[in-house]
Amino acid sequence: PISRLVLRITTDDSKAVCRLSVKFGATLRASRLLLERARELQLAVIGVSFHVGSGCTDPETFVQAISDARCVFDMGAELGFSMHLLDIGGGFPGSEDVKLKFEEITSVINPALDKYFPVDSGVRIIAEPGRYYVASAFTLAVNIIAKKMVLKEQTGSDDEDEANDKTLMYYVNDGVYGSFNCILYDHAHVKPVLQKRPKPDESCFSCSIWGPTCDGLDRIVERCAMPELQVGDWMLFENMGAYTVAAASTFNGFQRPAIHYVMSRPAWQLMQQIKEQGFLAEVEEQDVASLPLSCAWESGIEYPAACASASINV
């Protein structure tokens, strides 16, 4: 009886990568009926929530959802409810390699909130920005545990590049049953980065990257161009913080990856200074923003040099 309820409404998530309204949310008509029933049961409905779907490609979807939320607030007021909470959901991008940037979304959301829920309305507005905070915080490092060369059929062409005569299959120690489950469940498109910088004249080959399990579904990258690598070499995958290790399994006995915390040397020194002396007034915003992006291990006294990396065209 003392529980406080939030009514979740459906949205048009047809332009989202991961649709959620197929499972959750009430239409405006159903919302009216639910509010009437809640009044009969003397339940306290204090607000409205919605989610436009993860990977939304049309920011105008937020405008319609916020407008619908306003309608439900008005319904609630008519029925005697005192609503004061609006949850606008999540799915906000947390990296730069996306079609729709976070700033583009907020430039649409903020005017809509000002219009339908101005400051003097007394409504508390919250969101669920999990992906926004963690997506770019993790870089996954995988090790090549096996390698297979596949020779292409000879076409007899005299001018065929020798580098195109073979393709390479790399098997690494993580896959779609582990951290790369985001490929299946989050529709992610991952891009490998080499730990070692290739030589300028080094030939590239058509490659595919596979996980370690027995399942043929366990494919990470269908095709990419990379120099020839060896067993024991490392690949990096950036922006692997959202919906990765959280949903990983130990299928086939392969364990979840260990998590290590890394930080650039100047950033580490700044954190130690703050820890010992507090956040000093002279540590200005530009000092933090100008810290280099190279990383060193956080623990210990000695810091290994940052690894040179080169992006791979996928």
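**Close-up views of a predicted model**

View 1. Six nonpolar, seven polar and three charged residues make up the lining of the largest cavity. This is a predicted model, and a search of the whole structure finds one cavity of 30 Å³ or more. The volume of the largest cavity is about 90 Å³. Its lining has 16 residues, and those nearest the centre are Asp174, Tyr177, Gly178, Ser249 and Phe254.

**View 2. The largest nonpolar core holds 29 residues.** The members that touch the most others are Leu35, Val48, Phe50, Met83, Leu86 and Ile109. At least two residues of this core come from each of α1 (28-40), β2 (44-49), α2 (60-78), β3 (85-90) and α3 (102-116). The most is given by α2, with seven residues. A second, separate core is made of 23 residues, including Val172, Leu194, Ile220 and Leu229. In soluble globular proteins, nonpolar side chains tend to be buried together.

**View 3. Phe50 sits in the loop between β2 and α2.** Phe50 has a relative accessible area of 1% and therefore counts as buried, the cut-off being under 20%. Setting aside neighbours within four places in sequence, Phe50 is in contact with Ile9, Thr11, Phe62, Ala65, Ile66, Leu86, Asp87, Ile88 and Gly89. Gly25 is 25 residues from Phe50 along the chain, and the C-alpha atoms of the two are separated by 7.3 Å.

**View 4. Surroundings of Ile109.** Apart from neighbours within four places in sequence, Ile109 is in contact with Phe62, Ile66, Ile88 and Phe92. Ile109 is also among the residues that touch the most other members of the largest nonpolar core.

**View 5. Two stretches have pLDDT below 50.** Over residues 154-159 the pLDDT stays under 50, and the model has two contacts beyond four places in sequence for this stretch. Residues 291-314 also have a pLDDT below 50, with 55 contacts in the model beyond near neighbours in sequence. Where pLDDT is low, the predicted coordinates should not be read in detail. For the protein as a whole, the average pLDDT is 85, and 84% of the residues score at least 70.

**View 6. The whole chain, for orientation.** The secondary structure comprises seven helices and 13 strands. Of the 314 residues, 37% count as buried. Taking contacts between residues at least 6 apart in sequence, 76% join residues at least 24 apart.

Methods. Residues are numbered from 1 along each chain as its sequence is written. This is a predicted model: local features need pLDDT of at least 70, side-chain atom pairs count only at pLDDT 80 or more; totals for chains, interfaces and linings use all residues. Side-chain values use heavy atoms; hydrogens and water are left out. A nonpolar core is a set of buried Ala, Val, Leu, Ile, Met, Phe, Trp, Tyr and Cys residues joined through side-chain atoms within 4.5 Å. Buried means under 20% relative accessible area, exposed over 50%, partly exposed in between (1.4 Å probe, protein chains only). Helices (H or I, at least four residues) and strands (E, at least two) are DSSP runs, numbered from the N terminus. Contact means heavy atoms within 4.5 Å. pLDDT is the predictor's confidence in each residue, from 0 to 100. On a 1 Å grid over the protein atoms alone, a cavity is a set of points where a 1.4 Å probe fits but cannot get out, and a pocket is an open set with protein on both sides within 12 Å along at least five of seven lines; lining residues have an atom within 4 Å of a point. Grid points are joined across faces, edges and corners, and a volume is the space filled by probe spheres set on the points. Ala, Val, Leu, Ile, Met, Phe, Trp, Tyr, Cys and Pro count as nonpolar, Asp, Glu, Lys and Arg as charged, and the others, Gly among them, as polar.
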